[in-house]
Amino acid sequence: MEDRAAGAARLKALRHRRGLSLADVARALVSLARELHQPALPSVASVQRSVARWEAPRPTVPDERYQLLLAHLYARTPAGDASLGRGSDFAELMEALGLLGESERRMAELRSLVLRVVTDSGGGLLALLAPGTQAGLNAALADPTRADETTVAGLAAVVADVNAEVGSLPMVRLQLLLAPAVEAARRLLAGPVPAPLVPHLRDVAVTAMVLGGRLAFETRDDAASRALYGEATREAGLLEQPWRQAGVHMSHALVTLYSTNGLDGARRLVDRAVHAARSGESALTRARAHALQAELAARSGRGRRSRAALGLAWYDIEADHTDDPAPTSFSPGHLRGFEGVCELYVGDPAEAHDRFARSVETLSAPREQVQRAIVTTDQALARIRLGEPRDAVRLLHRCVAAASATGGRVPALRLRQARRELRPWRREGWVADLDDHLMEALGA
């Protein structure tokens, strides 16, 4: 109850900071409902009473409709500029809703909904910068010697915010949000920025370029993807952090696996990742590198090598990760997905199916929606190979929806592979239904 009272107090303080009365907020919400083509709200007086109840000592929680309207109200400054970054009124609203008991999933949905509107209206980097950071960034871009830690931290926050929306927003929208941050990091690195800032700035640049490379791949711009990964590799080599170099190689390898260079190019990159990870500080990065090495070995039909690499991955993932510099980079759920892929290619489809099912259960966060779609598609492949094509199609329908929502290229490619394996049943009505769904959602 104390948290809810604190949330109500935060809402009230946020309103006062804007210089708004209860009636002002009510009028603004009624107006926003019209602008956003939402169902009409009750009278201003009725809405005003609702606003007062949200701020009461024993508050009620705004329902989903009012939460969306409040999000749009506080996503813009009094001057009308979009502002969603840390320290913004929008961020304060999210914290207040959290204290009132709203779930993290719902708040992530709200943020994604507002970001869609921002990207539609041409906003991007500036909307994600913390208040006060914009002027500092502009000054630093004009004269890199004026850059400071606040400037770099602001760019890092933007990249982290975009990364957090993977799986929630279409890839092309994320590109729009990220591209200015990549260019800003690139220009600042060309400097000269103050020497003490260089390691942090380079770290931010590597993160932005790797994410940019992935997003370019997802939107089918392979040339831009290769260029960004090349930049990320060069900058990561100057960081003196082998685990960061390994992360770049792994991300690049996954992209390469699904582009024109194929299996051999991916294997070379993974071998470089394993070599770097072995001398790095992150056991979880080593685990991920060995897992990817196991998958590529399985895809090549080398079962013994695949099993050996999986054993090394489990050894690393079961180690103590207290001080791991990449604590959220890999998990047992992710590793079970890799085990399933290996079983699919050089093992037992039934065992692969069960491993995929266990992996899917753990991939529940919005950020993991793309990975969940990939694993579920692989689960469907296992069902096909077990002689259960109709059950496989039921799973594939779920994956079509996820691939359509995110615009992810890898889920779409995996779906096409699964559809090819359904050719023996192509005259069945349930396969025709899947084809219709694929055409409607993905145009393929």
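In the predicted model, contact (heavy atoms within 4.5 Å) between helix 10 and helix 11 involves residues from both elements. Helix 10 contributes Met171, Leu174, Gln175, Leu178, Val182, Ala185, Leu188 and Leu189; helix 11 contributes Leu201, Arg202, Ala205, Ala208, Met209, Leu211, Gly212, Arg214, Leu215, Ala216 and Glu218. By class, this contact comprises 14 nonpolar, 2 polar and 3 charged residues, where Ala, Val, Leu, Ile, Met, Phe, Trp, Tyr, Cys and Pro count as nonpolar, Asp, Glu, Lys and Arg as charged, and the others, Gly among them, as polar. Helix 10 passes helix 11 in a left-handed crossing, a term used if the near helix is turned anticlockwise from the far one by less than a right angle, and right-handed if clockwise.

Residues are numbered from 1 along each chain as its sequence is written.

The loop between helix 10 and helix 11 holds Pro192 and Val193. Most residues other than glycine have a negative phi, and most peptide bonds are trans. The peptide bond from Gly191 to Pro192, however, is cis, with omega near 10 degrees. Val193 has a relative accessibility of 12% and counts as buried (buried means under 20% relative accessible area, exposed over 50%, partly exposed in between, with a 1.4 Å probe and protein chains only). Neighbours within four places in sequence aside, Val193 is in contact with Pro144, Ala147, Leu188, Val198 and Leu201. Val193 and Pro144 are 49 residues apart along the chain, and their C-alpha atoms are separated by 4.9 Å.

Positive phi values are found in two further loops. Arg220, in the loop between helix 11 and helix 12 (222–236), has a positive phi of about 70 degrees although it is not a glycine. Arg220 is partly exposed, with a relative accessible area of 48%. Glu240 lies in the loop between helix 12 and helix 13 (242–257), and its phi is near 60 degrees. At 71% relative accessibility, Glu240 counts as exposed.

A pair of aromatic rings is described by the distance of the centres and the angle of the planes. Rings of Phe, Tyr and Trp (its six-membered ring) pair if their centres lie within 6.5 Å; planes under 30 degrees apart count as stacked, over 60 as edge-to-face and the rest as tilted. By this rule there are 2 aromatic pairs. The centres of Trp54 and Tyr66 are 5.1 Å apart and the planes stand at 65 degrees, so this pair is edge-to-face. Because Trp54 lies in helix 3 (residues 44–54) and Tyr66 in helix 4 (residues 64–74), the pair ties together parts that are 12 residues apart in sequence. Both Trp54 and Tyr66 are buried. The rings of Phe330 and Phe338 have centres 5.9 Å apart and planes at 55 degrees, so the pair is tilted. Phe330 is buried, with a relative accessible area of 6%, and Phe338 counts as buried at 13%.

Charged groups also sit over rings (NZ of Lys or CZ of Arg within 6 Å of the ring centre and within 35 degrees of the ring normal). The charged end of Arg244 is over the ring of Trp243, 5.6 Å from its centre. Arg385 lies over the face of Tyr345, at 5.9 Å from the ring centre.

Gln379, in helix 19 (residues 369–385), is buried, with a relative accessible area of 8%. Residues up to four places away in sequence not being counted, Gln379 touches His353, Phe356, Ala357, Val360 and Leu395. Ala365 is placed in the loop between helix 18 (349–362) and helix 19 and is partly exposed, with a relative accessible area of 32%. The C-alpha atoms of Ala365 and Arg105, 260 residues apart along the chain, are separated by 7.9 Å.

Key:
This is a predicted model: local features need pLDDT of at least 70, side-chain atom pairs count only at pLDDT 80 or more; totals for chains, interfaces and linings use all residues. Side-chain values use heavy atoms; hydrogens and water are left out. Helices (H or I, at least four residues) and strands (E, at least two) are DSSP runs, numbered from the N terminus.
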